[in-house]
Amino acid sequence: MAERVILIVLDSVGVGELPDAALYDDEGSNTLANTAKAVGGLNMPNLRRMGLGNIIEIQGVPPVPKPEASYGKAAEKSAGKDTTTGHWEIAGIILEKPFPVYPEGFPPEVIEEFEKRIGTKTLGNRPASGTQIIEELGEEHMRTGYPIVYTSADSVFQIAAHEEVIPPERLYEICAIAREILRGDHAVSRVIARPFVGTPGNFVRTYNRKDFSLKPPQETLLDKVKKAGMDVYAVGKIWDIFAGQGITVEYHTEGNMDGVDKILLAMRQLERGLIMANLVDYDMLYGHRNDPAGYAKALEDFDGRVPEILAELKSDDVLIITADHGCDPTTPSTDHSREYVPVLVTGKRVRQGINLGVLFTFSDIGQTVADLLGCEKLSNGKSFKSITMEV
């Protein structure tokens with residue numbers, strides 16, 4: 001058994017289209033490989049030594065003959081390609097029905113009830129890029145005080161507001177109202193507060209974003225670890241994605257590097273249990289904005305911090321690095337992509353160079369964590385503990 005598992009989700013770092021990608025208009029997506037190609041190759045020596053380039057072909061990250069980690073990739077079994085679905089599946093929940101999406105915007109019964117409850121009209125109500133819609137409607141929002149409502153190809157109800165017009169605490173209140181309304185047939189996976197600052201032509205979104213997710217429909221890995229008397233430390237968006245369920249300590253983050261700082265802090269504080277972290281910049285700042293150069297730099301920046309994480313591992317710790325979906329910045333789409341995710345597993349007791357192949361579901365990761373920590377099994381997934389752990 002392991003004393004601690006550190007599970008890091010690199011938000012949107014997919015490694016190639018799934019067999020059903022055409023159903024999601026994601027043929028040709030390969031976030032990691034296409035990003036590498038777009039910038040003429042990636043410089044990621046630390047993850048390369050672990051075996052990242054042994055999972056798929058990545059320009060600048062060739063395979064190594066003796067990877068220092070076990071490696072493979074996992075397929076998503078759930079319907080969908082959003083953040084909540086991906087994280088829930090890692091934690092043991094497989095969804096047969098995708099969350100609802102709104103390519104034409106939200107229907108009148110939703111918007112009218114929302115406007116009635118918050119006491120003001122709204123702007124937008126259409127699918128859009130978050131940065132684009134605040135450029136289009138930000139000035140009108142500042143003049144009228146009306147919040148900007150928008151969605152995407154994902155199951156989200158997003159509310160953007162300038163922090164000097166609608167302070168973040170009030171924005172969170174109206175997001176909570178939207179969350180109450182969006183139930184039943186309109187139960188989107190997340191309501192997201194999207195605060196921004198600046199002046200017309202120079203608006204910038206802030207790290208005061210907050211997600212209001214549905215509660216998981218059944219116990220997840222986090223619940224089972226907590227029930228077993230261990231701690232669950234959540235870094236970044238994890239608290240929001242799981243609606244706080246099964247979590248004992250939360251660490252808010254402001255960007256990937258702050259996220260790594262908080263992971264290191266959590267590793268110094270946690271005695272036994274699970275650290276689950278989400279590093280969001282790949283998705284939020286670069287994938288959705290079709291910025292392969294920014295995406296590549298963020299990947300290389302994380303790679304540069306990997307030795308710090310490895311140095312904090314205790315003798316019985318296991319580190320797992322994975323992702324939750326893709327968001328290929330080189331395709332015309334600005335939305336998530338239906339992709340495999342990488343799986344790298346390391347630790348002082350983890351066998352090196354084991355090829356895990358293709359895992360049938362993201363839940364194999366969560367089931368392995370449950371197995372490693374000795375808590376109750378998940379309802380989905382197959383553990384690969386026996387393959388990767390030395391006796």
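This is a predicted model: local features need pLDDT of at least 70, side-chain atom pairs count only at pLDDT 80 or more; totals for chains, interfaces and linings use all residues.

Student: Which residue caps the N-terminal end of H4?
Tutor: Helix H4 covers residues 83-90. At its N-terminal end, a side-chain oxygen lies 3.1 Å from the backbone nitrogen of Thr84. That oxygen belongs to the cap, Asp82.

Student: How many residues of H4 are buried?
Tutor: Buried means under 20% relative accessible area. H4 is mostly covered, and the count is 8 of 8.

Student: Which side chains meet in a salt bridge?
Tutor: The protein is divided into domain 1 (4-93 + 216-388) and domain 2 (108-213). Across their interface the rule finds 1 salt bridge. The cut-off is 4 Å from nitrogen to carboxyl oxygen. At 3.9 Å, N to O, the pair is Lys210 and Asp240.

Student: Which helix gives the largest share of the side of domain 1 that touches domain 2?
Tutor: H4, helix H9 (238-241) and helix H11 (281-287) each supply at least two residues of that side. The largest share is 3 residues. The helix is H11.

Student: What area is buried between domain 1 and domain 2?
Tutor: In contact are 18 residues of domain 1 and 13 residues of domain 2. Carbon and sulfur atoms give 48% of the buried area. The total is about 1,400 Å².

Definitions and conventions:
Residues are numbered from 1 along each chain as its sequence is written. Side-chain values use heavy atoms; hydrogens and water are left out. Buried means under 20% relative accessible area, exposed over 50%, partly exposed in between (1.4 Å probe, protein chains only). Helices (H or I, at least four residues) and strands (E, at least two) are DSSP runs, numbered from the N terminus. A polar contact is a pair of N or O atoms within 3.5 Å; within protein, one must be able to donate a hydrogen and the other to accept it, and residues adjacent in sequence count only if both atoms are side-chain atoms. Domain bounds come from an automatic or database domain assignment. Contact means heavy atoms within 4.5 Å. Buried area is the accessible area (1.4 Å probe) that two parts lose on being put together, summed over both.
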